[in-house]
Amino acid sequence: MKLRRMKALAGVALLCGTLSACGLSINQGVPYDIQPGTIQPIPSLSGLKVTVGSKDFTENIILAYMAEMALTASGADVVDLSDIKGSNSSRQALLSGQTDVTWEYTGTGWINYQGNELPVPGGEKAQYEATAKADEEKFGVTWLNYSPLNDQYAFAVTEEYGAKNNLKTTSDLAAFIKQKPDQAVFCLETEFTSRQDGFPAAVKAYGFQNPKIENFGIGTIYSAVASGTCPVGEVFTTDGRISGLNLRVLEDDKKAFPQYNAVPTLRTEYLKAHPDIRGPLEKIAAALDNEQMVQLCKQVDVDGQDAGKVAHEWMVKKGFVK
């Protein structure tokens, strides 16, 4: 079964007028011949066109590849629409039917899409349950089963900087920069700067005063912190560059950021029409955790491997495909 790595061109620009305006572009093909492993062909999925989307950062792209390979092994005719620029564009692609499957994060759903201001108390599963229930009721989006993969926001500094200034928690950071305001320089991605579950939540919880913000692409923040361009940077806690660049993640001790468990999401009407799509996706979601994802992202972002190759090797190692 050849994994068809192409873009859905017909009607893909419904929302934005053009592909580029929506953050969507054509990718080159990935020549993997996917054969069933423990994920076996499912008659009801044979030949079914399924478009898989993703956001534009390494972890989400890896997850999209995994979903595509699982669905290909199941017999579906998979179309790739990964690497969509920005959470809102990715979400609109799902809602509009441009994509059928996308991995989403519970905190993003709860705060950004559903308009809540505060995380759900009670931990990961409580956040997942509240997000899933509200999204189906309000937007007709179904979240598949809970996954232990939880990619949270955090702030990081270099190990040297953290040790020198005794920084272990974000409260430590807030107290430190109150004493040394010239160190209140944050490397942040543009979306994180304004989204309510991002920097505004941290400012509210920790009381950062007059922070100076340097906007970078998410991929360059890690190296900017490592090189000393900024003392502090926004990071994803499962990003492999944390260990690769010897960064220290500061504990979010006041729980400013929500939980961000990654879960496949689909339009409810689409899932009802094709219920067997659930099984292959939930198999891979249940097999993932933070430790594995850190290593997978490190292979891409530090070691320079291709995200599709990394995803394929993991799928083969787990026995899902051959």
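The protein chain carries 14 helices and ten strands, where helices (H or I, at least four residues) and strands (E, at least two) are DSSP runs numbered from the N terminus. Keep in mind that this is a predicted model: local features need pLDDT of at least 70, side-chain atom pairs count only at pLDDT 80 or more, and totals for chains, interfaces and linings use all residues. Residues are numbered from 1 along each chain as its sequence is written, and side-chain values use heavy atoms, with hydrogens and water left out.

**Overall build**

- With 322 residues, a compact globule would come out with a radius of gyration near 20 Å, and the protein chain agrees because it has 20 Å; the radius is taken over C-alpha atoms, and the globule rule is 2.2 Å times the number of residues to the power 0.38.
- The C-alpha trace of the protein chain spans about 65 × 40 × 40 Å along its principal axes.
- Of the 322 residues, 54% count as buried (buried is under 20% relative accessible area, exposed over 50%, partly exposed in between, with a 1.4 Å probe and protein chains only).
- Among contacts with a separation of 6 or more, 77% come from residues 24 or more positions apart; a contact here means heavy atoms within 4.5 Å.

**Surface and charge**

- The accessible surface of the protein chain is about 13400 Å², and carbon and sulfur atoms make up 51% of that; the areas come from the Shrake-Rupley method with a 1.4 Å probe, and for residues only the protein chains shown count as cover.
- There are 31 positive and 38 negative side chains, with the centres of the two sets 1 Å apart.
- For that tally, Lys and Arg are positive and Asp and Glu negative, while His and the chain ends are not counted; each charge is placed at NZ of Lys, CZ of Arg, CG of Asp or CD of Glu.

**The annotated span**

- An unreviewed UniProt entry annotates residues 49–315 as "domain: ABC-type glycine betaine transport system substrate-binding"; UniProt positions follow the numbering used here, feature names are shortened, and annotations may be inferred rather than shown by experiment.
- The end C-alpha atoms of residues 49–315 sit 21 Å apart, and the span is 49% helix and 18% strand.

- Leucine 63 belongs to helix α1 (residues 58–73) and counts as buried because its relative accessibility is 0%.
- Leaving out residues up to four places away in sequence, leucine 63 touches Trp103, Tyr105, Leu149, Ala262, Leu288 and Met293.
- Leucine 63 and alanine 311 are 248 residues apart in sequence, but their C-alpha atoms are 7.6 Å apart in space.
- Threonine 170 is in helix α6 (residues 170–179), and it counts as buried at 2% relative accessibility.

**Strand β2**

- Aspartate 80 sits in strand β2 (residues 77–81) and is buried, with a relative accessible area of 1%.
- Aspartate 77 and lysine 49 are 28 residues apart along the chain, and 4.6 Å separates their C-alpha atoms.

**Loop residues**

- Most residues other than glycine have a negative phi.
- Asparagine 210 has a positive phi of about 50° although it is not a glycine.
- Asparagine 210 is in the loop between α8 (199–206) and β7 (212–215), where it is exposed at a relative accessible area of 75%.
- Asparagine 246 also has a positive phi, near 60°, and it lies in the loop between α10 (241–244) and β9 (247–250).
- Glutamine 259 is in the loop between β9 and β10 (262–267), yet it is buried, with a relative accessible area of 18%.
- Not counting residues up to four places away in sequence, glutamine 259 touches Thr106, Gly107, Gly123, Glu124, Gln127, Asn150 and Gln152.
- For glutamine 259 and asparagine 150, which are 109 residues apart along the chain, the C-alpha separation is 6.8 Å.
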